[in-house]
Amino acid sequence: MMKMIGINEVAFVGALISMRRAANQINTAFEGWESQGERSSVFEEYLEQYAQLQSIMLNYQELMRKDIDAIGKIGTSMLKVDQLLTNLWK
């Protein structure tokens, strides 16, 4: 229910759930490939870049989760302030 500040708590919580779901769906379960004995500089470069991509995706997911947690904390604080303001003006 919206009060003084105008935050819809149901919509806010729903948005947080959607953001967390999206962050969790980032595919970080990469599996690398092992060489079958071939010697190829292109293949070696590919494996190195693939490992870098995996690291980047893991870092990105971690940052997304931290941002979502921060948004949740700020939103919760705003909801508390909203409740206090509503009680003050009753």
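Leaving aside its neighbours within four places in sequence, which residues is Asp82 in contact with? In this predicted model, where contact means heavy atoms within 4.5 Å, Asp82 touches Lys3, Met4, Ile5, Gly6 and Ile7. Because the model is predicted, local features need pLDDT of at least 70 and side-chain atom pairs count only at pLDDT 80 or more, while totals for chains, interfaces and linings use all residues. Residues are numbered from 1 along each chain as its sequence is written, and side-chain values use heavy atoms, with hydrogens and water left out.

The secondary structure of the protein consists of two helices and zero strands, where helices (H or I, at least four residues) and strands (E, at least two) are DSSP runs numbered from the N terminus. The radius of gyration is 22 Å, well over the 12 Å that the globule rule gives for 90 residues, so the protein is more spread out than a compact globule; this radius is taken over C-alpha atoms, and the rule is 2.2 Å times the number of residues to the power 0.38. Along its principal axes, the C-alpha trace spans about 75 × 15 × 10 Å.

Helix α2 covers residues 41–88, and its 48 residues should span 70 Å at 1.5 Å a residue, which agrees with the 70 Å between its end C-alpha atoms. The expected span is 1.5 Å times one less than the number of residues in the helix. Asp82 is found in this helix, and it counts as buried because its relative accessibility is 2%; buried means under 20% relative accessible area, exposed over 50%, and partly exposed in between, with a 1.4 Å probe and protein chains only. Other buried residues of α2 include Leu47, Tyr50, Gln61, Ile68, Gly72, Gly75, Leu79 and Thr86, and the buried residues of α2 pack against α1, which covers residues 9–24.

Asn87 also lies in helix α2, but at 40% relative accessibility this residue counts as partly exposed. The C-alpha atom of Asn87 is separated by 9.7 Å from that of Met4, although the two residues are 83 apart along the chain.

Turning to helix α1, Val10 is found there and is exposed, with a relative accessible area of 64%. From Val10 to Ala22, twelve residues along in sequence, the C-alpha to C-alpha distance is 18 Å. Between Gly14 and Asp82, 68 residues apart in sequence, the C-alpha to C-alpha distance is 18 Å.

Some totals complete the picture. Among contacts between residues at least 6 apart in sequence, 77% join residues at least 24 apart, and buried residues make up 17% of the 90 residues. The protein exposes about 7100 Å², of which carbon and sulfur atoms supply 59%, with accessible areas coming from the Shrake-Rupley method with a 1.4 Å probe.
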